[in-house]
Amino acid sequence: MALAKSGALSYAAIMTETSHDRLLIIDFGSQVTQLIARRLRELNVYCEIHPYQNVTMDFVREMDPKAVIFSGGPDSVTREGSPRAPQEIFDYGVPILGICYGQQVMMHQLGGKVESGHGTAEFGRAYVTPSEERIDLLTGWFLEQTEQVWMSHGDHVSEIAPGFQVYGTSPNAPFAITADLERNFYAVQFHPEVHHTPNGATLYENFVRLAGFKGDWTMGAYREQMVEKIREEVGDKKVICGLSGGVDSSVAAVLIHEAIGDQLTCVFVDHGLLRKGEAEEVVTMFRDNYNMQLIHADEQELFLGELDGQSDPETKRKIIGKLFIDVFQKHADTIEGAEFLAQGTLYPDVIESVSFSGGPSVTIKSHHNVGGLPEKMGLKLVEPLRELFKDEVRALGRELGLPQSFIGRHPFPGPGLAIRCPGEITREKLDILREADAIYIDQIRKHGLYDDIWQAFVAILPVRTVGVMGDGRTYDYACALRAVTSVDGMTADYYPFSHEFLGETATRIINEVKGINRCTYDITSKPPGTIEWE
Ligand code: XMP
């Protein structure tokens, strides 16, 4: 998406409009801006993050927020040309909360003073004490004499703006909490959105309450609103949707199906690299249970044929990515009158693509997606999840009645088992891998560990080892078990299984799967490793 570069944009060009009360978060580039949105969504408040460059007064008027939050950021307001809010936003008449850099921007733009230099920085835990007067923003705060907060700032406010008063101080931040009660402006030096400010959520709760939010952002309301919107957008045209069986595409498909029924056709591409029983599960679930129009594209021969003899990870990924698009397009072309393509794009993807700090990064792996399809096929997009975070998608899935076995599923990569089979892929290896993986997941479920783990799978190694079973010699494949904890897949740690669990699982795999005689556990974190093996 080219949004980030286009400067001032109209609000409607970026997000869909919603009838809920809206809160605008102006992003000045903090690493934790998304957490502000999380805290607010937890309070059933609808909010959107927009990079400061895009926030003009036209934009603000069009969005019509009921309150505004200025995020933190890495810059210094003392630097010429550093980020600012539009000056007129202070006359717009809605409550504003400034956080860290956002606090400094407020003070600077409203006539206070900010200083940088020696002795002004403060990073980490700090303790704020209250002033005599207690204000509504601090209801539920200072029940003990002090509150723990998280500071992370290089500059500090040395003089507050006219109209402001101090309501909390810390040893290094005499203006830790300030407010102009007349105008409903609040400014804090610390980050209430982070975990290390234990009572931070209360502060957001107070802010949205005093701004008059009704807290009407619920999944039930979202579902109704989206169904209406999809009907309006699509009219009597047709929609196609690539269904993988993963959470995002499943929830998107069920929601769109609720809105337009048989005008939706899903295409499920079986590339022969799926897990045991997976194709049947997806087809049964959506065709039989949900009565959806579903094309089960059995293209195993094509994919496995093209992959034959290929061992380079990037080559394998590129072959699969290209074939996937070709196959999808071939089947989609058979649906007459299809004008829309449904995608399970989530809000973090939207933020990423408009974020001013999200520059291009090094390609570690070519990710498999169908991103280029809409332009190639001349299709318009339907993206009913683009306002949601992952856990909200799960909540919506629950609201739509999708079974927990689908909603709580571990992520499964587009290239499937191909990237869990380092080196050349053969049908024999895939069959062995499927069996071992099924046992591993069965073990994890039996021990009640599935939901504690972000992702777990088996990789079959391109090496045979010698073993002894009964009185005979074996010469079979070795496999590696992988299980990680993670929040977003960007970083990960290995899961600390007990030795008993590992021993029992290895025994089961070696005894029950013909072709594997050695089992290892991968204890690499990410970084330096990645979650998948290729
Ligand atoms: P890595 O291996 O890069 O994986 O640490 C991070 C997360 O992304 C998943 N993954 C993919 N997902 N298409 C996807 O849809 C892909 O090409 C792909 N490659 C990796 C991986 O399973 C993990 O959850």
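1. Ile-460 sits opposite Cys-479 in strand S18. Strands here are DSSP runs (E, at least two residues; helices are H or I, at least four), numbered from the N terminus. S17 (residues 455-469) and S18 (residues 472-485) run antiparallel, joined by 12 bridges; pairing takes at least two DSSP bridges between two strands. The two form a hairpin with 2 residues between them, and Gly-470 in the turn has a positive phi of about 65 degrees.

2. Keep in mind that this is a predicted model, where local features need pLDDT of at least 70 and side-chain atom pairs count only at pLDDT 80 or more, while totals for chains, interfaces and linings use all residues. Residues are numbered from 1 along each chain as its sequence is written, and side-chain values use heavy atoms, with hydrogens and water left out.

3. On confidence: pLDDT (the predictor's confidence in each residue, from 0 to 100) averages 91 over the protein chain, with 91% of residues reaching 70 or more. Residues 1-8 stay under 50, with 13 model contacts beyond four places in sequence; contact means heavy atoms within 4.5 Å. Residues 356-361 also stay under 50, with 6 such contacts.

4. Now the annotated site. An unreviewed UniProt entry marks a "binding site" that includes Gly-245 and Gly-246; positions follow the numbering used here, feature names are shortened, and annotations may be inferred rather than shown by experiment. Gly-245 lies in the loop between S12 (238-242) and H7 (247-260), and Gly-246 lies in the loop between S12 and H7 too.

5. Buried or exposed? Gly-245 is buried, at 0% relative accessible area, whereas Gly-246 is partly exposed at 26%. The cut-offs are under 20% for buried, over 50% for exposed, and partly exposed in between (1.4 Å probe, protein chains only). Leaving out residues up to four places away in sequence, Gly-245 touches Ser-250, Val-282, Phe-406 and Arg-409.
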